[in-house]
Amino acid sequence: MVRVTEYAAIAASRLIGRGDEKAADAAAVEAMRDALNKLPFDGTVVIGEGERDEAPMLYIGEKVGTMQGSGPKIDIALDPLEGTTITAKAGANALAVLAIAEEGGLLNAPDVYMDKLAIGPGYAPGLVSLNRTPTENIRALAAAKGVEPHEIIACVLDRPRHEALIRELRGLGVGIQLIPDGDVAGVINVTDPDSTVDIYMGSGGAPEGVLAAAALRCVGGQIEGRLLFRNDDERARARRWGITDLDRIYQLEDLAKGDCIFAATGVTDGSLLEGVRRKRGGRITTESIVMRASTGTVRRVKSNRAGDPPKAG
Ligand SMILES: O=P(O)(O)OC[C@H]1O[C@](O)(COP(=O)(O)O)[C@@H](O)[C@@H]1O
Ligand SMILES: [Mn+2]
């Protein structure tokens, strides 16, 4: 799995700071697909680049792996380049991300927005909830931490749609880390005991919500998600994936269950991982993280290779 995210990250790294989101994404997608197709399993993409008619590669439902029909059936959620704009602008926290689970282990989330709420490990279950207001959640979290609400730090995507949320948090004196993109890293960051961020709030991509949940299954922490629909087309999309209760609040295990594995490689430097480095003499170094839900083992993997991975062919 680390080889898969490494391939994607290395391919995308050539496009860091080149101002071309599409090219960076395409490079990551192609490389990730090549690497997935070398693995001995019967894989199905359940969270991918989009629906079949809109994504030529790694679309939802695409079969990958060398053992179709005979090998272990694995469901895959992927985001070959999480942070396309970050990469184009050479910002922080772009990742190549992959999660796998046994068949049926990952929510088949449509590509719509998801309201997300996440906190780190060690708190009572249900301490915060999307059923409550941001103010109630901040107060509950502060009380559990034994601090005042103004000592809490929240991570929020910097978007106009979060104006009311940000105003409410500012009213409480909460410190807000506004991130330009990359809420997979944003959510994972709240679970890191070394990070100062206590809570993740606001909406981002639903696929990214499932990927972040897979990571939280491994490192602990709580997340809730609720799909947000902007129009009937998005609602129809969700129904096509078998989602009947459109207002449902998903808990961690609804998003990712069973023995899932999460892997990510840094594309650009970030809170979680160092980015791809191209050294003199053509060597390339990467840093990755791979973790497993059933054991809670977290591995960090540094690679140092002679050059770019071979292209498929
Ligand atoms: O940019 P929007 O529409 O607010 O969507 C937010 C989503 O986009 C991202 O910031 C980046 O996603 P990409 O993989 O498309 O670059 C995610 O981390 C986040 O969930
Ligand atoms: Mn993404």
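In which sense do strand β5 and strand β8 pair, and over how many bridges? This is a predicted model, and in it β5, residues 113–119, and β8, residues 199–205, run antiparallel, with seven bridges between them. One position to look at is aspartate 115, which stands opposite serine 203 in β8.

Let me put that pair in context. The sheet is open and has six strands, ordered β7-β6-β8-β5-β9-β10, with mixed pairing. At the edges are β7, residues 175–179, and β10, residues 249–251, each of which pairs on one side only. From one strand to the next, the twist averages 20 degrees. Helix α6, residues 183–190, packs on this sheet and touches β5, β6, β7, β8 and β9. The direction of α6 makes about 160 degrees with that of β8.

Now the annotation. An unreviewed UniProt entry lists a "binding site" feature at several positions, among them Gly83, Tyr113, Pro160, Asp181, Gly182 and Gly205. I will take two of the listed residues.

Glycine 83 sits in the loop between β3, residues 73–82, and α3, residues 84–89. Is glycine 83 buried or exposed? Buried, because it has 31 C-beta neighbours inside 10 Å, and the cut-off for buried is 20 or more. Leaving out residues up to four places away in sequence, glycine 83 touches Asn93, Ala94, Leu95, Asp181 and Gly182.

Proline 160 is in the loop between β6, residues 153–157, and α5, residues 163–171. Proline 160 counts as exposed because it has 6 C-beta neighbours inside 10 Å, where 12 or fewer is the limit for exposed.

Note on methods. Residues numbered from 1 in each chain as written. Chains lettered and ligands numbered in written order. Predicted model: local features only at pLDDT ≥ 70, side-chain atom pairs only at ≥ 80, totals over all residues. UniProt positions renumbered as here; feature names shortened; annotations may be inferred. Helix = DSSP H or I, 4+ residues; strand = E, 2+ residues; numbered from the N terminus. Contact = placed C-beta atoms within 7 Å. Pairing = 2+ DSSP bridges. Axes fitted to C-alpha atoms, helices over the stretch in contact; angles between N-to-C directions.
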